[in-house]
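Please go through the structure shown here with the text beside it.

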Amino acid sequence: MKMRRMHMSLTKRYFRTLKRARHRLSGVICLSIVVALFAGLAIKMGAANMLNTVMHTAHDLLLNTCFFLMAVCVVTGAIGRLFVEFGVVELLEKALRPLMKPLFNLPGMASLGAVLTFLSDNPAIITLSQDKRFASHFKKYQFISLTNFGTAFGMGLIVIIFMMGYGFFKEPLIGLVGAIFGCMVSTRLMQYFVKKTHPEYAEEPACELTEADLQVEHEEYKSLFLRVLNSLLDGGRTGVDVGLAIIPGVIIISSLVMILTFSASADGTYTGAAYEGVAVLPWLGEKVGFIFQWLFGFNDPHLIGFPITALGAVGAALGLVPKFIQEGWVDGNAIAVFTAIGMCWSGYLSTHTAMLDSMHYRELTSRAILSHTIGGLFAAIVARWLYVLVVMVL
């Protein structure tokens, strides 16, 4: 008995030591990557110029991009809440319901999730999925695929209005069609993967309702003026929350992408001004540019910065667009592709894990990410060729 306790003690000590060693190793790796990145930039740009460029780029993004995005979020949030209050969302849900089964293999109730995520952001589908009355309409494999389905429409209205704000109108709508096709591919692929690994989910309901779940809460009557006022203010407040939430992504991710995208000033020197950099992404884009030219129709290697950034945060990806337009790299095809891939991916790498974790299916995260990667690429390709077709016809 004593030997057994000693053995267990040694085993626990071994695993604690191993855990500490792994933690230290991850710290060393993280520190090495950060030092290598900033050392490389400092060697190329000069330490003082690098720091000044980082700060000036972040400051310009905050003032000219983040606050513009926040304004868009406030307006769209107010409109979205107004639509919910006065039944427009319910009307849209009923109109879209017949399309859910043939296109996405989902119950008609899923259309409500599409509308809400389009008007707000990816997590809206998770909030909705916590409602047992909503979840009861789904089989488990369909319920799990809501992560992919909702993500493909996340921040859709914001992305479209943002693009239209820069004078593009038909291109964002073409991108919306591309995102719908990408959503079909992503959602159905995820359903296939789930049924392959968990065949029992094909028949099991997502949840069972109790009598308490069926009880309906009645709100007291409010005047028309108060309903409009509360909807606009509450929706605008939600827009502020979304706007604040995207600021870190825009500043951190976009600043890094900008530095890796742009080069020195016009005379070839580094001055510490905003939007100077080392042009690594264009260099990579030139090496494999034929792939992006064939897939997306990109005419400039700098444009690969948008889909790369959209993997983590679509708000940060939108932060790249004004500078791309200013430099003359963007055309109608690029806007259509940006809209499609921006909507469909919508920062899924940073949200899929949390979304599936909240639904208690964390082990399926890798399959959800794979499905959505394929769906986003498909969305961009559809938008690219649909734009070509529209230009030929018009």
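The largest nonpolar core has 93 residues, and the members that touch the most others are Leu146, Phe149, Phe153, Phe306 and Phe338. A nonpolar core is here a set of buried Ala, Val, Leu, Ile, Met, Phe, Trp, Tyr and Cys residues joined through side-chain atoms within 4.5 Å; buried means under 20% relative accessible area, exposed over 50%, and partly exposed in between, with a 1.4 Å probe and protein chains only. Helix α17 (residues 332-345) gives this core its largest share, nine residues. Helices (H or I, at least four residues) and strands (E, at least two) are DSSP runs, numbered from the N terminus. This is a predicted model, in which local features need pLDDT of at least 70 and side-chain atom pairs count only at pLDDT 80 or more, while totals for chains, interfaces and linings use all residues. Residues are numbered from 1 along each chain as its sequence is written, and side-chain values use heavy atoms, with hydrogens and water left out.

Phe306 can be followed in detail. Not counting residues up to four places away in sequence, Phe306 touches Met163, Ala317, Leu318, Leu320, Val321, Phe324, Phe338, Ile341 and Gly342, where contact means heavy atoms within 4.5 Å.

Over the protein chain, the secondary structure comes to 19 helices and zero strands. Of the 394 residues, 45% count as buried. Among contacts between residues at least 6 apart in sequence, 79% join residues at least 24 apart.

How do the helices pack? Helix α10 (residues 170-197) meets helix α19 (residues 365-393) at an angle of about 150 degrees, and their axes are 7 Å apart. Axes are lines fitted to C-alpha atoms, for helices over the stretch in contact, and angles run from 0 to 180 degrees between N-to-C directions. The angle makes α10 roughly antiparallel to α19, because angles over 145 degrees count as roughly antiparallel, under 35 as roughly parallel, 65 to 115 as roughly perpendicular and the rest as oblique. The crossing of α10 with α19 is right-handed; a crossing is right-handed if the near helix is turned clockwise from the far one by less than a right angle, and left-handed if anticlockwise. The contact of α10 with α19 has 18 nonpolar, eight polar and three charged residues. In this classification Ala, Val, Leu, Ile, Met, Phe, Trp, Tyr, Cys and Pro are nonpolar, Asp, Glu, Lys and Arg are charged, and the others, Gly among them, are polar.

Ser371 is a residue of helix α19. Ser371 counts as buried because its relative accessibility is 0%. Leaving aside neighbours within four places in sequence, Ser371 is in contact with Asn148, Ser186, Leu189, Met190 and Phe193.

Helix α10 also packs against α17, at an angle of about 40 degrees and with the axes 7 Å apart. The two helices are therefore oblique to each other. α10 passes α17 in a right-handed crossing. On the α10 side the contact includes Gly175, Gly178 and Gly182, and on the α17 side it includes Gly332, Ala336 and Ala340. By class, the contact of α10 with α17 divides into ten nonpolar residues, five polar and one charged.

Helix α9 (residues 156-164) is mostly covered, with seven of its nine residues buried. These are Gly156, Leu157, Ile158, Val159, Ile160, Phe162 and Met163. Met155 lies in the loop between α8 (146-151) and α9. Met155 is not a glycine, yet has a positive phi of about 60 degrees. Most residues other than glycine have a negative phi. At 2% relative accessibility, Met155 counts as buried. Asn105, in the loop between α3 (88-104) and α4 (110-119), also has a positive phi, about 55 degrees. Asn105 counts as buried at 12% relative accessibility.

Val314 belongs to helix α15 (residues 314-318) and is buried, with a relative accessible area of 2%. Not counting residues up to four places away in sequence, Val314 touches Met155, Val159, Gly342, Ser346 and Gly347. The C-alpha atoms of Val314 and Gly342 are 5.6 Å apart, with the two residues 28 apart along the chain.
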